[in-house]
Amino acid sequence: MLTLILLIAALAGLLVVMRREAGALPALGVLAVTGLASLLFASSLLGGLLLVGAALVAVAGLPTLRIRWLSPRLFALFKKVAPRVSETERIALEAGTVAWDGELFTGRPDWQALLGYRDEGLTEQEQAFLHHQCSVAAGMCNAWEIARERADLPQELWEYLKKEGFFGMIIPKAYGGLGFSAKAQSLVLQKLSVSETLMVTVGVPNSLGPGELLLKYGTEAQKDHYLPRLADGREIPCFGLTGPRAGSDATALPDTGVVCRQEVDGEQVLGLRLTFEKRWITLAPIASVVGLAFRLFDPEHLLGDEEDRGITLALIPRDTESMEIGRRHHPIGSPFLNGPIRGNDVFVPLDTIIGGPEMIGQGWRMLVECLSIGRCITLPSGATGTARYALGWSGGFARIRRQFNVPIAEMEGVQEPLARMAALAYVSRAAVYQTANTIDHGEKPAVPSAILKSQLTEFQRQILGDAMDIHGGKAVTLGPRNYLGIGYSANPVAITVEGANIMTRNLMIFGQGAIRCHPYVLEELAAKDADDLPAFDRAFFGHAGLVFGNAARALTQGLGLGRPGAPFDEVAAPYARDIARLSAGFGLCADAAMASLGSSLKQREMLSARLGDVLSNLYLASMTLKQWHEGDKVEGEAALLHYGCRFLLERAEQAFDELFDNLPNRALGRVLRIVVMPAGRRWKRPQDDLTREIAQAVSRDTALRHYLLEATWQENDGSRDNPLAHYNALLVTQERAESLYRTVNKAHAKGELPEDALHPEQKVEEAAKAGLISEEDATFMREREAAVLELLSVDDFEYDAFVTDKSKVLRHNAA
């Protein structure tokens with residue numbers, strides 16, 4: 001019995017030491033004490049084993065001992081098996097900063113570090129702009145008119161966007177811009193997402209492009225000339241990066257620049273001769289200034305000894321001789337201005353290089369540093385805004401659309417997608433807002449930008465599909481009344497651009513995060529490159545301690561032992577504790593995958609994607625908890641928190657499951673499953689009760705619906721009609737209408753109204769005649785049914801309205 005007690009004491013002591021990552025000395029103490037006690041009072045065999053373990057810990061764990069013989073051997077082996085990091089990869093890895101994403105890699109996330117990013121809210125100017133200017137701009141849009149009649153925004157809207165500074169949100173006030181925070185920029189784009197084309201048109205100049213590049217790297221002369229002109233719309237920018245042979249692999253640019261001299265106005269000018277072909281360049285057809293990425297060569301050594309000077313960025317005026325610009329692509333579902341740019345032997349002076357000659361060859365670093373912020377905001381904000389509008393329309397439609405004498409919002413088949421839409425919109429809003437808040441605190445979130453871009457646009461795809469299902473025929477029939485169909489058909493654009501989701505999920509999130517966010521991997525690689533044994537020793541054995549610590553934390557927390565602290569209320573705390581548990585499992589699995597697969601993990605994209613899925617869901621759940629913690633919690637919001645967190649944590653556990661099943665080393669997969677999920681999976685998809693509660697709330701005039709639709713265009717104050725305003729108005733009087741529907745339908749069922757009174761309007765008239773409802777109620781219902789019918793109606797057109805070549809029209813019934 002004493003032997004068993006000592007064994008348990010040794011194991012428990014080691015688990016405590018490992019959980020705390022206390023180091024070799026405490027572990028040595030536990031083994032030595034229990035080993036000696038066992039030798040003296042219990043089993044000599046157990047005592048011997050424990051003392052042997054103590055000796056091994058001493059040799060491998062005490063720096064003064066291991067540095068003499070173990071560390072040099074490990075260092076030699078590490079040099080052979082460590083993946084080679086190219087200069088391009090190194091630049092990408094060093095770009096941006098690490099914040100909460102790094103905490104999730106540690107396996108012991110510090111919630112106070114996350115909560116330390118306090119939300120200061122918006123300034124009065126930002127709030128006023130969001131309320132007024134954004135509403136005016138949204139009110140000038142009609143999806144059908146923009147997509148089918150104009151293939152562009154209206155002229156008066158272009159003028160308004162320029163006048164009010166929409167293109168200068170990121171430009172400081174000193175240069176004539178608005179100088180908005182990242183949070184304000186995100187909320188503006190969410191509100192403008194009522195029109196996909198409007199959001200893209202405003203978002204792109206404020207994202208990756210000449211404006212941000214000039215701010216960070218431009219010469220003073222370039223800033224003074226261009227930034228005021230970009231801010232007030234005198235210059236419309238675009239940025240040419242992708243081309244026929246360089247898409248996701250932007251470093252494989254085939255576009256070239258050659259340093260040369262050319263006579264200009266009778267003088268010899270040092271400059272660049274550019275040859276390039278770019279595609280899919282947003283705003284290119286109307287851009288007045290073009291940012292261009294190319295590979296620069298100096299074969300005549302006019303600048304120095306190097307011939308290949310690397311990726312370089314330049315800013316080229318539209319009227320530059322030999323540049324072909326102005327043609328358009330036709331993006332699916334949306335007519336936002338997008339097109340090709342070509343040039344053959346285009347000469348530009350050296351001062352067109354962004355940042356001047358000293359920034360030659362720095363183009364890739366400049367791009368990846370800017371991309372981390374722009375990708376965090378533009379498309380994730382657009383996806384979030386689209387989600388919220390789709391939810392508002394769908395909740396309203398589901399309440400006023402009646403079948404079988406009840407609103408379809410009462411049908412569980414409709415409630416399921418409606419609740420899912422609400423939860424995904426809630427998570428999206430929290431994630432993009434809280435990440436923007438970290439940007440306002442100085443972070444440059446590289447890995448979160450990949451998470452938000454891929455995950456939130458995938459949420460958008462799900463939400464728009466659900467919205468189409470709920471609307472049915474209303475949404476599949478295009479026309480001016482259809483507020484959903486154009487955006488639905490344009491959704492693949494968001495999935496594809498700024499890093500296609502397939503590439504982002506399979507290569508970037510974990511592929512970049514495993515090195516960039518890991519507490520030790522970058523240090524180990526740096527020690528290898530510097531041939532620094534002491535630095536390697538510190539990093540490697542710190543890494544080893546992290547592995548043992550994550551294994552102990554994952555196992556004990558999975559068994560319900562030693563729950564971590566969580567600075568949240570009783571609603572959110574259980575989710576925070578489980579995020580910490582799964583974070584430990586994630587850290588362990590990340591190290592296990594890297595150790596077992598080595599450099600081949602790069603090619604194991606499905607495994608990398610599953611690890612990325614775990615990280616993504618933990619990150620989104622964390623942002624949701626922070627939003628809950630800091631928000632003004634409205635009635636019914638707890639249901640959304642429960643739904644969103646359960647949804648995300650269930651997906652994280654599913655990704656773990658698939659990882660364990662597919663690791664090439666099957667024994668390792670089985671061991672990891674036991675350590676990470678010793679009690680099996682904890683989370684299931686949200687229950688039906690939550691679904692019903694949420695669906696009811698978002699399809700009625702409730703505080704929760706108002707909260708979810710904050711900072712969207714809900715007023716009928718523009719030159720175009722606003723369906724969301726109509727739905728909201730109908731929901732305000734929904735209870736009165738429901739009571740009258742019941743009265744009228746009950747009377748019709750009893751035969752108290754004529755049998756041929758089949759339309760709602762007929763039933764109302766007959767009920768008023770019979771004195772079953774008052775004239776006031778009848779008037780109310782007449783006006784309501786007219787509004788309902790307009791919202792349910794779809795458009796029809798002349799027979800040949802969609803034929804561009806009328807000579808090809810088939811007149812099937814000409815006679």
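Which residue caps the N-terminal end of helix 30? In this predicted model, asparagine 722 takes that place, with a side-chain oxygen 3.1 Å from the backbone nitrogen of leucine 724. A polar contact is a pair of N or O atoms within 3.5 Å; within protein, one must be able to donate a hydrogen and the other to accept it, and residues adjacent in sequence count only if both atoms are side-chain atoms. Helices (H or I, at least four residues) and strands (E, at least two) are DSSP runs, numbered from the N terminus. Because the model is predicted, local features need pLDDT of at least 70 and side-chain atom pairs count only at pLDDT 80 or more, while totals for chains, interfaces and linings use all residues. Residues are numbered from 1 along each chain as its sequence is written, and side-chain values use heavy atoms, with hydrogens and water left out.

Buried means under 20% relative accessible area, exposed over 50%, and partly exposed in between (1.4 Å probe, protein chains only). The buried residues are Pro723, Leu724, Ala725, Tyr727, Asn728, Leu730 and Leu731. They pack against helix 16 (363–400), helix 18 (446–471), helix 29 (703–708), helix 31 (734–749) and helix 33 (775–792), where contact means heavy atoms within 4.5 Å.

The whole structure holds 5 cavities of 30 Å³ or more. On a 1 Å grid over the protein atoms alone, a cavity is a set of points where a 1.4 Å probe fits but cannot get out, and a pocket is an open set with protein on both sides within 12 Å along at least five of seven lines; lining residues have an atom within 4 Å of a point. Grid points are joined across faces, edges and corners, and a volume is the space filled by probe spheres set on the points. The largest cavity contains about 200 Å³ of space. Val194, Ser195, Glu196, Ile486 and Gly487 are the closest to its centre among 21 lining residues. Helix 16 provides the largest share of this lining, 4 residues. By class, the lining of the largest cavity has 13 nonpolar, 7 polar and 1 charged residues (Ala, Val, Leu, Ile, Met, Phe, Trp, Tyr, Cys and Pro count as nonpolar, Asp, Glu, Lys and Arg as charged, and the others, Gly among them, as polar).

The second largest cavity has about 60 Å³ of space. Residues in its lining include Trp100, Asp101, Glu443 and Tyr619, and helix 6 (100–106) and helix 25 (605–630) each supply at least two.

Turning to open space, the second largest pocket has a volume of about 650 Å³. Of its 24 lining residues, Gly23, Ala24, Ala27, Gly545 and Phe548 lie closest to the centre. Helix 23 gives the most to this lining, with 6 residues, and the lining as a whole has 17 nonpolar, 5 polar and 2 charged residues.

Two residues stand out by backbone angle. Most residues other than glycine have a negative phi. Histidine 301, in the loop between strand 4 (289–297) and strand 5 (308–317), has a positive phi near 55 degrees. Aspartate 345, in strand 7 (residues 338–349), also has a positive phi near 55 degrees. Histidine 301 is partly exposed, with a relative accessible area of 37%, and aspartate 345 is partly exposed at 42%.
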